[in-house]
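Me: I'd like to go through this one with you. Can we keep it quick?
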Amino acid sequence: MTATCVYRKVAQDGYGADWKTDCGYEIRMEAPIDVGFGFAPKPTDDGRKFCGFCGKPIELKEKL
Ligand SMILES: [Zn+2]
């Protein structure tokens with residue numbers, strides 16, 4: 001049991017990236033890189049983001 005939900009980048013193109021979450025979902029995020037990580041998990045006061053599926057803090061593994 002981990003304390004975080006790891007999001008692994010599985011594919012990327014010019015418009016966005018596909019991510020696989022530790023809790024078993026695949027999601028696609030489309031956002032210009034200069035906007036950053038614009039996706040359902042909202043930043044909390046300490047800047048962390050939480051998985052919209054399992055509620056754990058998100059840990060990003062961006063290396064393909
Ligand atoms: Zn999760």
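Me: Where is the place of G24?
Reply: This is a predicted model, to start with. In it, G24 sits in the loop between strand 2 and strand 3.

Me: Is G24 buried or exposed?
Reply: G24 is exposed, because its relative accessible area is 64% and the cut-off for exposed is over 50%.

Me: How far apart are G24 and F53 in space?
Reply: They are 9.1 Å apart, C-alpha to C-alpha. In sequence, G24 and F53 are 29 residues apart.

Me: Now the metal. Which residues are the protein donors of the zinc ion?
Reply: The donors are C5, C23, C51 and C54. Each gives its SG atom, and they lie 2.3 Å from the zinc ion.

Me: What is the geometry of the zinc ion's site?
Reply: The site is tetrahedral. The angles among its four donor atoms run from 105 to 113°.

Me: How are the donor residues spaced in sequence?
Reply: The spacing is C-x17-C-x27-C-x2-C. The pair C23 and C54 links distant parts of the chain, 31 residues apart. C23 is in the loop between strand 2 (17-21) and strand 3 (26-29). C54 is in the loop between strand 3 and strand 4 (58-61).

Me: Why does C23 count as partly exposed?
Reply: Its relative accessible area is 30%, so C23 falls between the cut-offs of 20% and 50%. C54 is partly exposed too, with 34%.

Me: Switching topic. How many salt bridges does the structure hold?
Reply: It holds six. In general, side chains of opposite charge can pair when their charged atoms come close.

Me: Which residue does D22 meet in a salt bridge?
Reply: D22 meets R8, at 3.0 Å from N to O. This pair links distant parts of the chain: D22 is in the loop between strand 2 and strand 3, and R8 is in strand 1 (residues 5-12). They are 14 residues apart.

Me: What about K9, which residue does it form a salt bridge with?
Reply: K9 pairs with E62, with the closest N and O atoms 3.8 Å apart. K9 is in strand 1, and E62 is in the segment after strand 4, 53 residues apart.

Me: Is K9 buried or exposed?
Reply: K9 is buried, at 11% relative accessibility. E62 is partly exposed, at 47%.

Me: Which residues are linked in a network of salt bridges?
Reply: D13, D18 and R28 are. E59 and K61 also meet in a salt bridge, at 3.3 Å from N to O.

Terms used
Residues are numbered from 1 along each chain as its sequence is written. This is a predicted model: local features need pLDDT of at least 70, side-chain atom pairs count only at pLDDT 80 or more; totals for chains, interfaces and linings use all residues. Side-chain values use heavy atoms; hydrogens and water are left out. Donors are N, O and S atoms within 2.8 Å of the metal (3.2 Å for Na, K and Ca); water is not among the atoms, so sites may look incomplete. Four donors count as tetrahedral if all angles lie between 85 and 135 degrees; four count as square planar and six as octahedral if opposite donors are over 155 degrees apart and all others between 65 and 115; anything else is irregular. Helices (H or I, at least four residues) and strands (E, at least two) are DSSP runs, numbered from the N terminus. Buried means under 20% relative accessible area, exposed over 50%, partly exposed in between (1.4 Å probe, protein chains only). A salt bridge is a side-chain nitrogen of Lys or Arg within 4 Å of a carboxyl oxygen of Asp or Glu.
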